[in-house]
Structure formats: structure tokens, C-alpha cells
Amino acid sequence: MKLNIVVLAKQVPDTRNVGKDAMTAEGTVNRAALPAIFNPEDLNALEQALRIKDLDPENVKVGIVTMGPPRAGEIIRQGLYRGADCGWLLTDRKSAGADTLATSYFLSKAIEKIDKEVGHVDIVLGGRQAIDGDTAQVGPQVAQKLGLNQVTYAEEVLKIEDGKATIRRHIDGGVETVVAPLPVVITVNGSAAPARPCNAKRVMKYKYATCPMERKGDEPWSNLYETRPYLTLGQWSIADCGADYEQCGLAGSPTKVSAVKSIVFQAKESKTLTSSDADIEGLVKELLDKNIIG
């Protein structure tokens, strides 16, 4: 059975070390001030895609789609090193500052383009959420915009058979197994199988793979791009995907982040409370006085 799988992956700022420069004046994350990493749960999603490919390498193709500035092409390379077949970078100045609504719109238009021009998309896989937002909204929003079935909180894709995907998912109180007709969008938990390491042979093959906007033009290996087409990664703008500029970037983002702070609790700031009426009454009064509840 031939399958085309698209993995949605994001290059995210490492939010484990948030400093005073983490936010811009416009209320968006200052990505240039933080180290960039492969979103952890997207790596779990990539592993599920590659496990499906392992079952039938000749008939299953895995592509990576990422949205961001030119440096986000590194995410595609990391996917290729692990076993993906191709990738597309969605990059456009007018897509900057996108919230989940604008991001899912641009991604959905790219998937539509892949479906029409590259091959029918059977499965879209992505991490449950990104660590720079923790909303878990993009995957479901992509499914809604494309009109596809969706399965969230997946732990493992058990099998693909007769046009259906059997998926084990983790939910509150336990685990359940569901069957969803293809095409389907699946979001994967961080508790799923971790991503396999990069393959040394594939690293050597794809280490010079870049998107056109990543190139400076004076690389010693520039001649390779003419003789090895696989070293040129896909790169699409908003216009390339036939998307509406007003629904992308800040223009299409109703959500605004007011501030991001790194809070470290000191031992002296903590207090131990008992279950006595006095302690409970004192806690409630303190929360009311500070307008935390009301």
C-alpha cells in the first residue's frame, strides 16, 4: 500500500533558559535571543512516521514540513538524517509572529499543495504541542481546516491496513485503541517512542542539503547543487501556497502574548500548610487579598 506521510515539525526556542530578552516589543518571542532546537514531541511524531516507513520502505514516503526563518531548514536536515525522504520550508516575512490560528492556516495550505502537486497525503503526523506555546492547538486546527479525521494524544501507530490507521492513545485514566479512516491527522505525545539517532551515512549524504534562502552563494560545495538535486530542499512562501496574507503572520493572529518570565522559587518563599481550618482559612484570605481568586 502506497502511503505519503507529512510530518509537521517546528524549530523552537529553548524555553528552558528564558532571559530578559525573550520577548520583542511587539509581544512575540524573540527567537534570535534563544538557542533553537527541534521541538521534542515533533521528534516523537517523526519516529512514528519512520516506523511506518520501515514496514514498507519502497511504498511509504515521509516528508517534513516546517515553518520559520531560513535557519529552520536545519529541522528538515535533522529529519533527513533520521530517514525522511524530503522536506519543505515555509518561510515568508509576512508569516512572522503567527499564533496557532495563522500557523495552522499556512500549514494547511502547504499540505493542500503537497496533496495536489506531489502526491496524495494519507497521514499527517505532528507533536502534541510545541514547548514555546504549549497550546496543543495546531494539529487539531490543521485537521479542521483540511476537513480530515484526527486522533490526538497518540502513543503508537499500531498498524495501517485497509485504508485505516489503528492507533493507541493515552487519555486521562488509561489507554484506548482507536481506528481512524485515512487520511488522518495524528498528534503524538512525548511519552511515545523517542526518535532514532541520526544515521551517519545519511548525514554524509544530506549535510549540504539547504533551502535556497540559506545559501550565501560562496560555499565551496556550490557546484553540488546542480549535480545532486536532492540537496535542494523545498522552499515555499505564502504566495507559493496560494494562501491569503491577511490570514498569516501577525495580521492573522488574534492571540497576543503580553510577557514571558522565568520564575525560580526560593526555599524561603515556600510554606507548609496543614489541613486545619485555620490554615485553609488563612490561605483563602491570602489568595483573595492578592486577587488570585475572587
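P183 sits in the loop between β9 (174–181) and β10 (184–188). Most peptide bonds are trans, and most residues other than glycine have a negative phi. This model is predicted.

**Positive phi angles**

Y153 lies in strand β7 (residues 149–161). D162 is in the loop between β7 and β8 (164–171). Y153 is not a glycine, yet its phi is positive. D162 is not a glycine either, and its phi is positive too. G83, which follows α2, also has a positive phi.

| Residue | Phi |
|---|---|
| Y153 | near 55 degrees |
| D162 | near 55 degrees |
| G83 | near 140 degrees |

D162 has 70% relative accessibility, so it counts as exposed.

**The whole protein**

The protein has 7 helices and 11 strands. Of its 294 residues, 42% are buried. Now take contacts between residues at least 6 apart in sequence: 69% of them join residues at least 24 apart. The exposed surface comes to about 16,000 Å². Carbon and sulfur atoms supply 52% of that area.

How many residues of helix α2 (residues 73–82) are buried? The count is 9 of 10, so the rest of the structure largely encloses this helix. The buried residues of α2 include G73, I75 and I76. R77, Q78 and R82 are also among them. What covers them? The cover includes the strands β2 (11–13), β3, β4 (60–67) and β5 (86–90). It also includes the helices α1 and α5 (200–206).

Helix α3 is mostly covered as well, with 13 of its 18 residues buried. Its length can be checked. At 1.5 Å a residue, the 18 residues of α3 (residues 100–117) should span 26 Å. The C-alpha atoms at its ends are 25 Å apart, which agrees. Look next at the start of α3. There, a side-chain oxygen of D99 comes to within 3.1 Å of the backbone nitrogen of L101.

**A buried loop residue**

Where is N39? This residue is in the loop between β3 (36–38) and α1 (40–55). N39 is buried, because its relative accessible area is 1% and the cut-off for buried is under 20%. Which residues does N39 touch? Leaving out residues up to four places away in sequence, N39 touches K10, V12, Q129, A130 and I131.

I280, V284, L288, I292 and I293 make a nonpolar surface patch of about 420 Å². One of these residues, L288, is found in helix α7 (residues 277–289). L288 counts as partly exposed because its relative accessibility is 42%. Partly exposed covers the range between the buried limit, under 20%, and the exposed limit, over 50%.

**In review**

N39 is a loop residue, and N39 is buried. L288 is a helix residue, and L288 is partly exposed. Helix α2 is largely enclosed, and helix α3 is mostly covered.

Definitions and conventions: Residues are numbered from 1 along each chain as its sequence is written. This is a predicted model: local features need pLDDT of at least 70, side-chain atom pairs count only at pLDDT 80 or more; totals for chains, interfaces and linings use all residues. Side-chain values use heavy atoms; hydrogens and water are left out. Patches are made of residues with over 30% relative accessible area and no salt bridge: like charges are joined within 9 Å, nonpolar side chains (Val, Leu, Ile, Met, Phe, Trp, Tyr) within 5 Å. Accessible areas come from the Shrake-Rupley method with a 1.4 Å probe; for residues, only the protein chains shown count as cover. A salt bridge is a side-chain nitrogen of Lys or Arg within 4 Å of a carboxyl oxygen of Asp or Glu. Helices (H or I, at least four residues) and strands (E, at least two) are DSSP runs, numbered from the N terminus. Buried means under 20% relative accessible area, exposed over 50%, partly exposed in between (1.4 Å probe, protein chains only). Contact means heavy atoms within 4.5 Å. The expected span of a helix is 1.5 Å times one less than its number of residues. A polar contact is a pair of N or O atoms within 3.5 Å; within protein, one must be able to donate a hydrogen and the other to accept it, and residues adjacent in sequence count only if both atoms are side-chain atoms.
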